[in-house]
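Dear colleague,

Please find below the structure that I am handing over to you. My notes on what was found in it follow directly after.

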Amino acid sequence: MKQIITFLGLNAKETIYSFEGKNYKGNVFAEALRQFCDYDSMLVCVTIEAKNKTFPVLNSLEDERIQAVAIPNGETTEEMWETFKIITDKVNDNDSVVFDITHGLRSLPFLVFLFAAYLKAAKNVTIDAIYYGAWELGNSNNGIAPVIDLSEFIVMLDWLTATERFVEIGDGQALANLLKSAIPSGIELRDNLGSRQNLTAFFHTTSNQKHRFSAVYCQTLPSYLGKTETAIAPVSNKTNST
């Protein structure tokens, strides 16, 4: 199932949003989002006040796929955890999810990235996009607000996890897989396909032959991992002793 999870604030304002060269109009961003994003279900997270003030914009569309999901105001840590549980319980294993962080409290984007990380790890959920309709930037763009996709930054969590695994136990398989399918943050490596292929082979080697892992491999560890040869040396000793 493909779900859109969106949040509403207390104000609705007709805005023209631009996405991939086309313009879409909406009084809230979700109204524009549904015009270019396919979905099976749209979960609209609203406080009591938002349900009364801005949810009618979406409710008037008479789309049975759109449903309001009551969440607390988020004034305390306990309420934020409650929101976390409400939303994650609504997502099934192996779903595809699009998040919209345009409206609502400023704390919500931070929470959404935690939602995304948890759902990827615990429910094998695919995060298709994390959209932000930057309506405030429309003032300097002839009234047209750009739509920004922030989902690429979720991949950073995968890189951090894979890097930690490599540094802690010398297992480079996850890094090798990322190099095959993702673009790392280092500009030089990103633009150099040959370097990426060499590093992929390197991490495969360290994963498949941990018992031969040595300082020679450590010296080739790319600087974008933020680790020096000295910092990696304990890994060599650990893997060589197993």
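Helices (H or I, at least four residues) and strands (E, at least two) are DSSP runs, numbered from the N terminus. The model is a predicted one, in which local features need pLDDT of at least 70 and side-chain atom pairs count only at pLDDT 80 or more, while totals for chains, interfaces and linings use all residues. Residues are numbered from 1 along each chain as its sequence is written, and side-chain values use heavy atoms, with hydrogens and water left out.

Backbone

The loop between β2 and β3 (22–26) holds E20. Phi of E20 is near 50°, which is a positive value in a residue other than glycine. E20 is also exposed, with a relative accessible area of 71%; here buried means under 20% relative accessible area, exposed over 50%, and partly exposed in between (1.4 Å probe, protein chains only). A second case is N94, whose phi is positive at about 70° although N94 is not a glycine. N94 lies in the loop between α4 and β6 (96–100). As background, most residues other than glycine have a negative phi, and most peptide bonds are trans.

Confidence

The pLDDT is the predictor's confidence in each residue, from 0 to 100. Its mean over the chain is 80, and 74% of the residues reach 70 or more. Confidence is highest in β4, at 98, and lowest in helix α10 (residues 215–219), at a mean of 44. Over residues 208–224 the pLDDT is below 50, and this stretch has 40 contacts in the model beyond near neighbours in sequence; a contact means heavy atoms within 4.5 Å. Residues 227–240 also stay under 50, and the model has 27 contacts for them beyond four places in sequence. Where pLDDT is low, the predicted coordinates should not be read in detail.

Nonpolar cores

A nonpolar core is a set of buried Ala, Val, Leu, Ile, Met, Phe, Trp, Tyr and Cys residues joined through side-chain atoms within 4.5 Å. The largest has 26 residues, and those with the most contacts inside it are F36, M42, V44, L58 and Y131. At least two residues of this core come from each of β2 (15–19), α1 (29–33), β4 (41–46), α3 (55–59), β7 and β8 (144–149). The most is given by α1, with four residues. A second, separate core has 22 residues, including F7, C45, L111 and F115. To return to V44, its contacts, leaving aside neighbours within four places in sequence, are T6, L8, F55, L58, I66, Q67, A68 and V69.

Helix α4

How many residues does α4 have? It has 13, and it reaches 18 Å from its first C-alpha to its last, close to the 18 Å expected at 1.5 Å a residue (the expected span being 1.5 Å times one less than the number of residues). Within α4, T83, F84, I87 and T88 are buried. These four cover an arc of only 120° around the axis, which puts them on the same side of α4; the arc is that of the directions from the helix axis to the C-beta atoms. The buried residues of α4 pack against β1, β4 and α5 (108–123). E78, W81 and K85, on the other side of α4, are exposed.

Salt bridges

A salt bridge is a side-chain nitrogen of Lys or Arg within 4 Å of a carboxyl oxygen of Asp or Glu. By this rule there are five salt bridges.

- K85 and D89 form one of them, at 2.8 Å from N to O. Both lie in helix α4 (residues 77–89), four residues apart, about one turn of the helix. K85 is exposed at 52% relative accessibility, whereas D89 is partly exposed at 47%.
- E49 and K53 meet at 3.1 Å, N to O. Both belong to helix α2 (residues 48–53) and are likewise four residues apart, about one turn of the helix. E49 is partly exposed at 40%, and K53 is partly exposed at 49%.
- D128 and K2 meet at 3.7 Å, N to O. This pair links distant parts of the chain, 126 residues apart: D128 is in strand β7 (residues 126–133) and K2 in strand β1 (residues 2–7). D128 is partly exposed at 33%, as is K2 at 26%.
- R34, D63 and R65 are linked in a network of salt bridges.

Yours sincerely
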